[in-house]
Amino acid sequence: MFLGNESISEGAMLMPMARTAGEMPKLLGWNLPPEEQYLVHDHWKGFPSPPYYMHLMLAMIYFVLMNTSLIGNGIVLWIFGTSKSLRNGSNMFIINLAIFDLLMMCEMPMFLVNSFSERLVGYGVGCSVYAALGSMSGIGGAISNAVIAFDRYRTISNPLDGRLSRVQAGLLICLTWLWTMPFTLLPLFEIWGRYIPEGYLTTCSFDYLTDDPDTRVFVGCIFTWAYVIPMIFICYFYARLFGHVRQHEMMLKNQARKMNVESLTANRSEKAQAVEMRIAKAAFTIFFLFVCAWTPYAIVTMIGAFGDRTMLTPFVTMVPAVCCKIVSCLDPWVYAISHPKYRQELERRLPWMGIKEADDSVSTTES
């Protein structure tokens, strides 16, 4: 592991690929002009600059993710926004999540330019725009998953009058956007916290490396606001949801035993609830992907603020960033696999995708 206070000669020995003409290694920030050197945090100044092929490799990964996200989330917005059978309050949350995922995708063209240039294009302004998009997308995706979990719980636990109206759904969507604002705008205007380059100095995030009490309090607050609180809501509502389903299934089995029949699930309401459960499973899968994507990033920020910063090498801090982008691409395809009505629309409008969904008379939009 390469520490920030190690000498250049030792760094050259450990990272021979960073040498230029077999002599001195390039250090991170080598191609930034003197007036922009303030962007490079002291933690990164002792690390050798990654070889150019690492920038190209990450650029290729991001290019694939960018196109996957654009196609997948674009189809979600197109189908959910134009299909009458999908115009309900619950599906408005799916559209909202797709918009947040597309915000994450908006970072990727900037990253491609930065990678080919081996530096931040736009310097401080470019860094702030990149980080603000990531902050809004990440925090918005977290609270959107919590709202989706709440909606699934209400819909399944109380199918007659638990479904949210479009007005109620609209208010909750406004809440998700308001939720993203504090910890997006405060560091953007440097009122509290700030945005700085991270890793290979081609991406940016909020400052979790500065060693002072103000930074630690900021990191603790954004960790609680953007990760812990949504996670508590999500776990609570999904636990209640699956507990309700388990209790309902036991009730059906007991009733079927009393009536001397094998099953009571052949009626229309039970079919409808089975369809809603498929959608709930899709939502839970997206939540699981959210945990896998943002937990590594949360760990990195907590180590940077409260732990041993020498564990955070440029490569280590780039891995969580890639994980976050992957999830924004997978979300729409999870719905393509699990949402019955969405699959029917895909089959009808895009037959070349080869999706086959039984035409069930039960609609997920009926109460």
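Let's start with helix H5, whose buried residues are Ala169, Ile173, Thr176, Trp179 and Thr180. Viewed down the axis of H5, these buried residues fall within an arc of 115°, so they line one face of the helix. The arc is taken over the directions from the helix axis to the C-beta atoms. On the other side of H5, Val167, Leu171 and Leu178 are exposed. By buried I mean under 20% relative accessible area, by exposed over 50%, and by partly exposed in between, with a 1.4 Å probe and protein chains only.

A quick word on the source. This is a predicted model, in which local features need pLDDT of at least 70 and side-chain atom pairs count only at pLDDT 80 or more, while totals for chains, interfaces and linings use all residues. Residues are numbered from 1 along each chain as its sequence is written, and side-chain values use heavy atoms, with hydrogens and water left out.

Back to H5 for its length. Helix H5 covers residues 166-180, and its 15 residues reach 21 Å from the first C-alpha to the last, close to the 21 Å expected at 1.5 Å a residue. That expected span is 1.5 Å times one less than the number of residues. Helices here are DSSP runs (H or I, at least four residues), numbered from the N terminus.

Now to helix H9, residues 314-338, where we find Thr317. Is Thr317 buried or exposed? Thr317 counts as buried, because its relative accessibility is 1%. Leaving aside residues up to four places away in sequence, Thr317 touches Trp44, Gly199, Tyr208, Val300 and Leu312. Contact here means heavy atoms within 4.5 Å.

Which residues does Ser328 touch, not counting residues up to four places away in sequence? They are Ser69, Asn73, Asp101, Met104 and Met108. Take Ser69: it lies 259 residues from Ser328 along the chain, and their C-alpha atoms are separated by 6.5 Å.

Next comes helix H10, residues 340-349, which is mostly covered, with 7 of its 10 residues buried. Those buried residues are Pro340, Lys341, Tyr342, Arg343, Gln344, Glu345 and Leu346.

Met57 counts as partly exposed because its relative accessibility is 37%.

Methods:
Helix = DSSP H or I, 4+ residues; strand = E, 2+ residues; numbered from the N terminus.
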